[in-house]
Amino acid sequence: MKVLGLSFGRKLMNCDIMIKEALMVLKERGHEIKFMNANDYDIKPCTGCIACTVSMMMGAKNAGRCVIKDDFPIIDDAIMEADAVLLAAPTFEVATSGLYRTLCDRMGPSHDISFRKAAIEEGVDVDKRSLKHRVCALMSAGGAITKNWTDLAIPTMYPLPMSLGMDVVDIIQYYGAMAHHSIVHNTEILERVRLLAANIADALDNFEDDDKRSLWRGDEGGLCPVCHQNLINIIEDGAAAECAVCGIRGELSMENGKLKVSFSDKEQARSRLTFAGKLEHSTEIKTRAAGPDQIPDLKARLEKYRW
Ligand SMILES: Cc1cc2nc3c(=O)[nH]c(=O)nc-3n(C[C@H](O)[C@H](O)[C@H](O)COP(=O)(O)O)c2cc1C
């Protein structure tokens, strides 16, 4: 099967090495591998024009395509071709890197499978590969010696697999890269990367079985059972909790001095990592967003801001 490894790090540094280490394992397992570094491509930021989503709703030709002229279609095509996607991005300013987030925005609404599925069903000219199953692994390399300097990195990497409906089966947050200079002589983390690759190979071996393919194979833990992260928003003055990655609500409790959040099966099923969760959001956009023609006296209201 086809495995794409996409690095967002410096040439031959931590992210590149994690991706290449994993790809070598997957090659040994008989898969076709492709390595790319996003820094080698001209990827401009999303301007927010929403031509991509509007074209899908209006049934235009080549719908869902971005109108910006740059190298994005090269990365888009590589992801569309892949059965498995390995992503590794540096931790910058406690979160993922700007370039990674730029790709999230460019892949975001335009590739959201709930929009694309509806368009395909209506006979709109959309890339048919959009609805293919894909498995994914997320990796981040942080220079910091203190783990909490990496806290938002993996959570902010999630929107890319989320939009495409890719099954995230394993995650690695590597930190302390400065202390090691480079991951290349850190045998423990390289071993963990090889395990991640084996987990991807296992998901590919079970590709046709929806439950087995999407099985979580990463480390135990994480307060959220869907994304396995600990990024919990305390809402309603402390009466409830929400997973910031999945957008699902849980009940807070203390058990043996430990904070627990229980998410019902119903809530887990509407995580934005699931198709149902994305459909909830795209339906909200399609039915409840007010267009400019619904704002009375729009031209006059805008007048005082035209300076
Ligand atoms: C702009 C910038 C911000 C950074 N912020 C953090 C940070 O908040 N936490 C952290 O662990 N490392 C931080 N680092 C260090 C990088 O995560 C580290 O150099 C990492 O190894 C980069 O990945 P690469 O080696 O694949 O290029 C930062 C580096 C830069 C250049």
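In strand β4, Ala95 is the bridge partner of Phe92. The model is a predicted one, in which local features require pLDDT of at least 70 and side-chain atom pairs count only at pLDDT 80 or more, while totals for chains, interfaces and linings use all residues. Residues are numbered from 1 along each chain as its sequence is written. Helices (H or I, at least four residues) and strands (E, at least two) are DSSP runs, numbered from the N terminus; two strands pair if DSSP finds at least two bridges between them.

Phe92 belongs to the pairing of β3 with β4 (residues 95–96), which is antiparallel and has two bridges. The two strands form a hairpin with two residues between them, and Glu93 in the turn has a positive phi of about 50°. Strand β3 (residues 84–92) has eight of its nine residues buried, a residue being buried if 20 or more other C-beta atoms, placed from the backbone, lie within 10 Å of its own.

Strand β3 has parallel partners as well. Five bridges join β1 (residues 2–7) to β3, with Leu6 opposite Leu87. Seven bridges link β3 to β5 (residues 135–141), again in parallel, and here Ala89 is partnered by Ser140 of β5.

Helix α4 (residues 98–111) comprises 14 residues and reaches 19 Å from its first C-alpha to its last, close to the 20 Å expected; the expected span is 1.5 Å times one less than the number of residues. Its buried residues are Tyr100, Arg101, Leu103, Arg106, Met107, Ser110 and His111.

A further open sheet consists of four strands in the order β7-β8-β9-β10, with antiparallel pairing. Because β7 (232–235) and β10 (258–262) stand at the edges with a single partner strand each, one side of each is left without a neighbour in the sheet. Within this sheet, two bridges join β8 (residues 240–243) to β9 (residues 249–255), and Ala241 stands opposite Gly250 in β9.

The domain assignment, which comes from an automatic or database source, gives domain 1 (2–219) and domain 2 (221–287). Their centres, taken over C-alpha atoms, are separated by 23 Å. Contact (C-beta atoms, placed from the backbone, within 7 Å) involves 13 residues of domain 1 and 13 residues of domain 2. On the side of domain 1 that touches domain 2, α5 (113–121) and α6 (153–157) each supply at least two residues; α5 gives the most, with three.

Conventions:
A residue is buried if 20 or more other C-beta atoms lie within 10 Å of its own, exposed if 12 or fewer, and partly exposed in between; C-beta atoms are placed from the backbone. Two residues are in contact if their C-beta atoms, placed from the backbone, lie within 7 Å.
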